[in-house]
Amino acid sequence: MATTSSTWSFESATPPRFCGVDAERTARFAALDIRRDRPLPFVFSAREVYFLRRARNVPLGLCASFCCKESVFKALGAPYNFTDCEFLYAGEPGFVPIRLARGLCREHRIRRGVAIVRVAGRGVRAEVVVVVYLF
Amino acid sequence: MLFYVFAALPVPALHGTQPIPAPGGPGANELMRNVGPKEVAEIRQIVYNYFADECDTDTAKLSDTTNIIEELEGDSLMLLSLLEIFRKKYGLTIELKTLGKHLMRKPANTIGQVIQLTTQIVQHGDNIVNVEL
């Protein structure tokens with residue numbers, strides 16, 4: 001993976017409780033067929049797959065979702081069921097809300113989460129970095 | 001705006017910890033599965049072939065002591081993809097949280113450890129967290 005560098009600033013009325021980051025290449029998700037199947041059901045929820053079936057760039061959406069889940073894992077520092085964290089990314093800039101299961105929120109005493117996605121490169125060479133803030 | 005997209009999606013919410021249905025193995029967690037030498041050999045073969053294929057190397061160059069992260073540059077996505085193969089084959093319904101807890105207690109860094117872990121998952125399912133390896 002190529003080295004990428006970026007600086008982000010973050011302001012919030014409420015300080016985040018946890019923060020996590022993860023990066024991955026979109027090419028690793030290119031082979032997953034979501035049109036007829038629900039790949040990696042341990043990882044992606046039915047809602048995410050349903051959402052991404054209509055996305056323009058499916059590998060990017062899957063990659064961003066996976067990175068988000070990994071970032072949440074790193075932020076919490078504890079394993080959880082990845083389907084308890086849903087991230088519907090369609091390429092929008094800025095902070096994107098993360099949908100977290102109530103049980104997960106209760107267990108880790110968090111209320112909500114947001115993620116910001118950075119994409120470097122294009123096509124099969126694109127790399128995704130996701131930073132997650134949990135409040 | 002995305003909040004509205006969430007609300008508009010007609011898919012039923014799948015949050016929670018219900019096991020994911022897998023082909024060929026309903027109730028896999030309810031009973032301990034017998035894993036004989038034939039199944040262990042099969043698991044070994046699948047794991048070796050998987051890492052050889054994923055890491056563009058020959059199975060002859062791999063051994064039980066090969067470190068997946070340091071020598072093969074493996075990661076969590078590889079492990080999850082491998083888990084998916086076994087889910088389809090054996091109908092695994094283990095939860096990722098359970099597996100994660102187990103891995104934090106007993107990491108699987110080498111191919112041999114992954115084979116052992118996979119065998120235990122196939123055998124014990126979600127009960128793996130209570131199994132002393």
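A residue counts as buried here if 20 or more other C-beta atoms lie within 10 Å of its own, and as exposed if 12 or fewer do. A:Leu40, with 22 other C-beta atoms within 10 Å, is therefore buried. The model is a predicted one, with an ipTM of 0.83 and a pTM of 0.82.

**Two residues with positive phi**

A:Leu40 lies in the loop between strand 1 (18–25) and helix 1 (46–52) of chain A. Its phi is near 45 degrees, a positive value in a residue other than glycine. In chain B, B:Glu73 likewise is a residue other than glycine with a positive phi, near 55 degrees. B:Glu73 sits in the loop between helix 2 (37–54) and helix 3 (76–90) of chain B. Is B:Glu73 buried or exposed? With 11 other C-beta atoms within 10 Å, B:Glu73 is exposed.

| Residue | Other C-beta atoms within 10 Å | State |
|---|---|---|
| A:Leu40 | 22 C-beta atoms | buried |
| A:Leu62 | 27 C-beta atoms | buried |
| B:Glu73 | 11 C-beta atoms | exposed |

**The sheet of chain A**

Chain A has an open sheet of five strands in the order 1-5-4-3-2, with antiparallel pairing. The edges are strand 1 and strand 2 (85–86) of chain A; each has a single partner strand, so one side of each is left without a neighbour in the sheet. Helix 2 of chain A packs on this sheet and touches strand 1, strand 2, strand 3 (95–100), strand 4 and strand 5 of chain A. The direction of helix 2 makes about 145 degrees with that of strand 1 of chain A. Strands of a sheet pair through backbone hydrogen bonds, in either a parallel or an antiparallel sense.

Strand 5 (residues 127–134) of chain A pairs with strand 4 (residues 113–120) of chain A in the antiparallel sense over eight bridges. Strand 1 of chain A also pairs with strand 5 of chain A in the antiparallel sense, over eight bridges. A:Leu134 in strand 5 of chain A stands opposite A:Gly113, and A:Phe18 also stands opposite A:Leu134. A:Tyr133 in strand 5 of chain A has A:Val114 opposite. Six of the eight residues of strand 5 of chain A are buried, so this strand is largely enclosed by the rest of the structure.

Strand 4 and strand 5 of chain A form a hairpin with six residues between them. In the turn, A:Gly121 has a positive phi of about 85 degrees.

Helix 2 of chain A has 19 residues, and 16 of them are buried, so the helix is largely enclosed by the rest of the structure. At 1.5 Å a residue, helix 2 of chain A should span 27 Å, and its end C-alpha atoms are 27 Å apart, which agrees. Just after this helix, A:Gly77 takes a positive phi of about 70 degrees.

The largest nonpolar core has 59 residues. The members that touch the most other members are A:Ala64, A:Cys68, A:Ala115, A:Val130 and A:Val132. Helix 2 (residues 58–76) of chain A supplies the largest share of this core, 10 residues.

Which residues does A:Ala64 contact, leaving aside its neighbours within four places in sequence? A:Ala64 is in contact with A:Phe87, A:Tyr89, A:Val117, A:Val128 and A:Val130.

A:Leu62 is also placed in helix 2 of chain A. Leaving aside neighbours within four places in sequence, A:Leu62 is in contact with A:Phe29, A:Leu32, A:Phe44 and A:Leu52.

**Chain B**

Chain B contains five helices and zero strands, in the pattern α-α-α-α-α along the sequence. Buried residues make up 26% of its 133 residues. Among contacts in chain B with a separation of 6 or more, 80% are between residues 24 or more positions apart.

The mean pLDDT of chain B is 78, and 72% of its residues score at least 70. Confidence in chain B is highest in helix 2, at 94, and lowest in helix 1 (residues 2–8), at a mean of 36. Over residues 1–30 of chain B the pLDDT stays under 50, and the model has 49 contacts beyond four places in sequence for this stretch. Where pLDDT is low, the predicted coordinates should not be read in detail.

Technical notes: Residues are numbered from 1 along each chain as its sequence is written. Chains are lettered from A and ligands numbered from 1 in the order in which they are written. This is a predicted model: local features need pLDDT of at least 70, side-chain atom pairs count only at pLDDT 80 or more; totals for chains, interfaces and linings use all residues. A nonpolar core is a set of buried Ala, Val, Leu, Ile, Met, Phe, Trp, Tyr and Cys residues joined through C-beta atoms within 7 Å. Helices (H or I, at least four residues) and strands (E, at least two) are DSSP runs, numbered from the N terminus. Two residues are in contact if their C-beta atoms, placed from the backbone, lie within 7 Å. Two strands pair if DSSP finds at least two bridges between them. Axes are lines fitted to C-alpha atoms, for helices over the stretch in contact, and angles run from 0 to 180 degrees between N-to-C directions. The expected span of a helix is 1.5 Å times one less than its number of residues. pLDDT is the predictor's confidence in each residue, from 0 to 100.
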